[in-house]
Every structure is written in structure tokens, then in C-alpha cells.
Amino acid sequence: DLTGFPMNAVVSLGGCSASFISPDGLIATNHHCVQGSLQFNSTPEKNLIVDGFLARTREEELSNGPGSRVWVTVAVNEVTDAITGKIDPKLSDRKRYDVIERRIKERTAACEKDGLRCRVASFFEGLKYYEIAQLEINDVRLVYAPPQGIGNYGGETDNWQWPRHTGDFSFYRAYVGKDGKPAAFSKENVPYRPKHYLKVSPKGASPGELIFVAGYPGRTQRHETFAEVKERTEWALPRYVRRNKEMIAILEETTKSDKALAIKAEPRMRGLLNGMKKNEGVLAGLVSGGILARKEAKQKALDTWIAADPERQKAYGPALAGIAEMQAESEKTRERDAVLGGIYGNSALLSTANQLYRLSLERPKKDLDRDPSFQERNWARAKEGLERMQRSYDHRLDRPMLRYALLEAAALPAEQRIAPIDTLVSLAPGMSKDDAAKKVDAYLDTLYAGTKLGEKDFRLSLFDKSTKEIVDTKDEAVKLAVALHPMAEANREREKANDGKRSRLRPEYMKALLAQSGGLVAPDANSTLRVTFGRVQGVEPRDGMLYLPQTKLAGVVEKHTGEGEFDAPDRLLAAEKALRAGKKTPYFDEKLGDVPVDFMSDVDTTGGNSGSAVLNSQGELVGLLFDGTYETVASDFLFDTVKTRSIQVDTRYLLWVWDAVEGAKNLLDEV
């Protein structure tokens, strides 16, 4: 029951999971999930990313700023027939897309009449659809985040590795209006009273114990064909890792002597580092770990199973052939399409210009005719993003990242050029790197000197403007967005037709997988509320090596160097010394002989599960999930039932930190 205990206590932060742990709306999640809030509230003089934050009273709790959300799932209903039922099979792929999109928008609008936030989510590649209604709380405040020397202890050295000694926990509080309904930030707001909340167990989780993990996993690709995974292995993932490494180097060079700039860059830097290391592990798992070979074997087994029966050939053969054709077609322009996406993705300035321009084009339409991203239901959040941008935008960060993307465009082969960029920047196929760099630098001089989109008031002033009024500003960033729009729109149109085709082919492919396995196939993760279960246990990751299932406080001290990623706070070291001197604590594990820090389990999780509640058999919170192991992150493509492990922080460590390190009696009393 996703609306009953304990699942209703598990919430989404949009990209991370979390859970209510008190009747007054206290929310537990990961430290790495609150980086945006820490960055928003930090200054060079008071850097919360490094120093952490503790509100000892409700009045001291800090607003996360505009755009922060908590989503509480309140209803889940299957709506497959309403979305894909009775569609004329003679419709073109593009028309089929329009029908499905319209039906989804109509369902969503009807669902949201009661003030909820709703979405219609596809499961099993479009074979089933579920309507999910959520309460959207938009006054979210920071209550506690440990210093970096606890919350990100071990940094990138330990990331995706075991053993871990990271206190990856932080806490928010949800606020609503006095009527109990969601409301914008106000000092008059009161803590949200959740229908259900989790009891924080002071006993944590021990080896062999059954646990459940509930959260909002983002994306897995377990139902991709072998050809699709092969392309990721040979092209997409190596490209991703290379680009992240190069962009990290750019940001490090740009911010090395400027603390204020480093604070603005921190969330992006953490994201680039985390994604790079994870995908290095995914690549290793696909290639040397044998996942790609196993995927090929599974594909051959499916093909053989279909070929063995004429009825199966008739039912499923066309779907597999159609998917293969689509895959081959997409590879023809993949380089150009990826570079174009990178130009938008690398520059907050261009992304903002594009958003404002597209909104002006969509605004005159009836709401049901608008692109889903630009429907009125999203306007408030879009405006909040324009405001929040002030805390993270700086042309000194934006320019080198856009420069990087434009140089990628300059290097494209003749048959995959981005013509608007060539025209604006004066680029040509075959141009030398030095000449291209000079042209790009000259263009960027003009662009950044001729834009005011970095100014909050100017950005916000364009939000309600017509297309003509926006174009008439002659803002250079707007000019770039306008120039790129036709090509980007053509790509979107092509993708809509492809989505229409997928809505025919992928469900038939899934029917084949389900029939072959007797129905024992789970849908891919899609950012909806899910549960997984397993046991606390170690693993033998490779021959001759054994990972024990728990780490302990002594390991934090052993790793401590006093600098960089292994710099535990003095107050933690003092509390640990007091413990060794005989100071009693209820969070000591007699079997382990110490306070537990992190533990491993064989549950099935992925990105988006960060911050997920780890529950014991009574539904009590015994930990927070925060990571996986480097050796098995390729399980996103094919789950390894033997070696896959997730990493959780034990509630005994967070309670000990509150008690012995921070003296956070207010929080201990509350939970």
C-alpha cells in the first residue's frame, strides 16, 4: 500500500529520496542530496558546504530558497486503457504520439484539480501506465547537515568504494500554511504534519538482518536490447566519462583561487565527479565484468525462443526488427545531436534564453496544446528557477563551459555540422583547433558583453514578454537561442515521431520478455516509489578479497590525515577519544565492539535511491542508502544477483553524531 505505513512516509526530493521521521515534518536524506541548499545559503565567510549547519531551534532553520520541493505520494491508479486504449492502428507514428500526449495531459489536468501534483508514468516500456498523485510541498528548510569531514568523508577517493566511513545524512523540515496546505515560504507557516512517519531505530542494522529499502530510483536500462547497450558501451559511456574529466579540469582551473566561485561551482563539480566515477565503473562492469556478454547471450536466447514458434515470430518479430531499425537510424546523427544538447546543457545563460524564448512561443496557445514542459502548471517553478539562478550563475563559470561545447561543435565532421553555430561563430569543417579557438573566443567576447540575462531583474522581466518583445531586446544570448531553435525544434519533432513508433514497438518487445520469463520481470526504474528487500551482508568482489558487511568508528580515525578528503572534525575526534576512555553511549554495538558507521546489503538500487529509507521488519528506520559498489554499478543494465551491493549509513552513527559530536539534543528529543 503506497499510501499507507510505512511507504507513505517515504518522499521524493526530485532526484533524491527521503523520509519523514517525526510528526513535525522532519525529513531524513543524504548529505550529498542537500548540496544545493548548502550552496544557496553559503558565503566565503560562512561556507556551510565545508562547515555544516545545525538549527537548534525552529526559528534558526534556513530556507532552501525558491525551487526546493518535497513530493508525498498520495494515490496511485492504473490508467493504461485511458492512455493507449482504442488508438486507431492506421495512425502515423507522429499522430499516435499526439494522441497519447493529449490523453496524458488531460488525465494530469483532471488529477490536479484538487491542488495535487500529478504525473502519468510509463511502466514496462509503455505496456502499462499509472497515474501518480502527489502532495507538493514548496516550503522546505535546512535543519542539519554535518560538516564535510563527516558528510563527505573520503570524498572522491572513497566514492563508490568499500570500505566506507561516510556520515552521508542531512535533514530538512517541510512547512505548510496554517490551513495545512502547501504554501510559499513564510514565517507564518507551520511544520507539516505527515500522515505517517518512521521511528528512528537506535539499534541500526546488523549482519544477516532482513531490510527493506523504499525510495524513488531514477533510471535503469535493463530492458534495452543488446544493440542499444553495445552502443552505450562503445560510444555513449566512453564519451560521457571523457567529457566529465575535461569539464572537471576546466572548473578546477577556473575556481582554484576564488572561494566564492568555488562555492557556486560545488554542486556541479560534485555531480560531474560522481557521474564520471560511476560510469567508469559501469564501463568496467559491462566489458571486463562480462555484463555485455551476458546481455548478448540473453538477446540470443530471446531471439531463439521467438524463432522456435511461428506464432511468436508473428507477434514479436516485427517489434524487434523495428527497434533495430530505429537504433541504426539514431546512430547516423548521434554526434551532432549530442553536441547540440551539450551546448544547451553547458551554459545556464543559453538554457535560460532558450527557456524564455520557447515559453513566449508556447504562451499564446491553449494550455492543452502547449508542450508539456511549458504548460501553466510549470510556470511557477520556472520562475523560481530564474530567481535561484542568481546564487549559482557566474559568467566566469558559464563562459569556459560554453566554450568547451562550442569547440566540440567546431570539431564535428562535415556531414554533421550545426549550421547556426558555424554561421554565428564563423566556423567551417576542417578548421584547425587554434583557428577554431580564436573564432570561439571572439564570439564569446561579443556574447557575454552583449547579454543581460545574468542579471536577475532582467531575466524575470522577460518571463511574461511576447516573442517579439524578447527578440527586440537584441540580447546576444537570446540571439543564439533563436538561431538554434529551428534545428532543436526539428530534432524534437523527429523524436516525437520516434516516441510514437516506440509506443507501438516497445510494449510488444516487453510482452516477449514477460512471456519468455513467465512474467517474472520487473519494470525499469522510472523515478516512482519502489521497494526492494535483502539482507545485511558482505561480498567477495573478486578472487581473494572479502568485504565485511560493516565499518566502524575506529575506521574513521584510522583514515584521518587532517587534510583534504580525510579531515574529520576536531569535535568528532574528541568524542571518539572520550568513547575509548569509557564514556557510555547507547549506540555502541557489542558484537562489533564499536559504534557502527556504514553497512552493505544485497538490495537492488540505483541513482535516485540516494537518501532512501532503510527499514527493518517492523518498518523502523535503521539506515539511509547512499551508494553502490564500483564493481557492480553495471547492474543498471543487468542485475547481478550474487555480487551487487548497496551501501547504507547506520542510524546508530547519525544518532551518535547528534549526541556525542553535535550536542543536538533538540533533534534527539524530536525523533
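**Exercise 1: Strand partners**

Task: Identify the bridge partner of Val213 in β16.

Solution: The bridge partner of Val213 in β16 is Val614. As a next step, consider the strands themselves: β12 and strand β16 (residues 613-615) are antiparallel and share three bridges. Strand β12 (residues 210-215) also pairs with strand β13 (residues 530-535), again in the antiparallel sense, over six bridges. Within β13, Arg530 is the bridge partner of Gly215. Here strands are DSSP runs of E with at least two residues, numbered from the N terminus, and two strands pair if DSSP finds at least two bridges between them.

The model is predicted: local features need pLDDT of at least 70, side-chain atom pairs count only at pLDDT 80 or more, and totals for chains, interfaces and linings use all residues. Residues are numbered from 1 along each chain as its sequence is written, and side-chain values use heavy atoms, without hydrogens and water.

**Exercise 2: The whole chain**

Task: State how many helices and strands the chain has, and explain why it is as compact as a globular protein of its length.

Solution: The chain has 23 helices (H or I runs of at least four residues) and 18 strands. Its radius of gyration is 26 Å, close to the 26 Å from the globule rule for 671 residues, so the chain is as compact as a globular protein of that length. This radius is taken over C-alpha atoms, and the rule is 2.2 Å times the number of residues to the power 0.38. Finally, the C-alpha trace spans about 75 × 65 × 55 Å along its principal axes.
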